[in-house]
Amino acid sequence: MRHTLLLTALVLLTVSCRSQVPATPIPATPPATQQPKQPPSVPQVIGTVELPISTVPRLSGQALTFREGDVTFTSLSAATVQTDAAYTYIRARFEVKNNSATAFNNLTLVAVARSGNVGGTAVKSVSDLGGAGVADQAGVVTQMTPLHSVTVGTGGNLTLVSGAEDFQAFTPAEVDALKSQAGWSAQYGAQDLPLNYGFVARSGSSRTIAAQGGTGTVNVVIRLPRGTTTVYNFVLNFAFVDQDTTRVTRSVLPSETQQAASARLSALSVNTGGEVMTIGEAVTTPTAGRSDVTVSDLNVTSTQATSVWDTAVWDAAVWR
């Protein structure tokens, strides 16, 4: 117990100290005459951030705030934990503040498997993982899967939390395109790889975060095998990007129809246009008035070519 408290204190102290260190500025993107403008559907790299996911309430006087370039991230509370018979669902909420002179359209955290991370995932470091021993932590981490915010009901039934469905998936081509951008190469090396999932921020009933002080909220939600405790402390690597086209990703757990996902676009004031992303299955009936996007698998690690999440076995937690 004393060892766990010491590790937790060290993580919080590191976070507190880090918030005082000025972020490394990202070089300005060359003029359009030197670098062709990316098409609107390609996310544009703004910066990077390491966010702690912790169930330990922050200590008095320790503001978990991270100023990264033109964006400030602030932890709103300790992460919450729900469990069913087999899994733990962790939800961490962050305020996002736009310090720039330009509004953000769809500010999104993209998971990054940085060289040296645990198990080739977006997890940078771990101090507590539901009671898992040090020797077992890498195996547990590679079984983490991102989700929308959910409520675990009787018998383990899951329901989406309205207004907090922030999980976002990308195509491999979209995340590959990030690596050619100046904002990426300024912060990452050749061994650092973007994964094709993340979490998108919103401001009220809109995805637009106003310039010069506008704020929004992003929910980071992870499911992993149920531990022996509900104490979790780990750090996730993200690049944050902006994108012109508003997209919602259909929920896999619980299962969501194209029509329901399209309705979520309408709730974001996108009455026409926008994109509906589907993971793991073909779209047979186009969504009226929307663009349908599909991706076969969700990559949650970078170290093994076969370590992809197949949605046909998502709920069974079987890896191939």
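Are Trp184 and Tyr188 buried or exposed? Trp184 is buried, and Tyr188 is buried as well. Keep in mind as you look around that this is a predicted model.

## Aromatic pairs

The count of aromatic pairs comes to five. One of them joins Phe73 and Phe240 in an edge-to-face arrangement, with 5.2 Å from centre to centre and 70 degrees between the planes. Phe73 belongs to strand 3 (residues 71-75) and Phe240 to strand 14 (residues 232-242), so this pair ties together parts that lie 167 residues apart in sequence. Both Phe73 and Phe240 are buried.

Back to our opening residues: Trp184 and Tyr188 also form an aromatic pair, this one tilted, at 4.1 Å centre to centre and 35 degrees between the planes.

## A cluster and a charge over a ring

Phe167, Tyr197, Phe199 and Phe238 come together as one aromatic cluster. Elsewhere on your tour, look for Tyr87: Arg223 lies over the face of its ring, at 3.6 Å from the ring centre.

## A parallel sheet

Now for some backbone. Strands of a sheet pair through backbone hydrogen bonds, in either a parallel or an antiparallel way. Here, three strands make an open sheet in the order 15-16-17, with parallel pairing. Strand 15 (247-249) and strand 17 (291-295) stand at the edges with a single partner strand each, so one side of each has no neighbour in the sheet. From one strand to the next, the twist averages 25 degrees.

Strand 16 (residues 275-279) pairs with strand 17 over five bridges, in the parallel sense.

How values were computed:
Residues numbered from 1 in each chain as written. Predicted model: local features only at pLDDT ≥ 70, side-chain atom pairs only at ≥ 80, totals over all residues. Heavy atoms only, no water. Phe/Tyr/Trp six-rings, centres within 6.5 Å; stacked < 30°, edge-to-face > 60°. Helix = DSSP H or I, 4+ residues; strand = E, 2+ residues; numbered from the N terminus. Buried < 20%, exposed > 50% of the residue type's maximum accessible area, 1.4 Å probe, protein only. Lys NZ or Arg CZ within 6 Å of the ring centre and 35° of its normal. Pairing = 2+ DSSP bridges. Axes fitted to C-alpha atoms, helices over the stretch in contact; angles between N-to-C directions.
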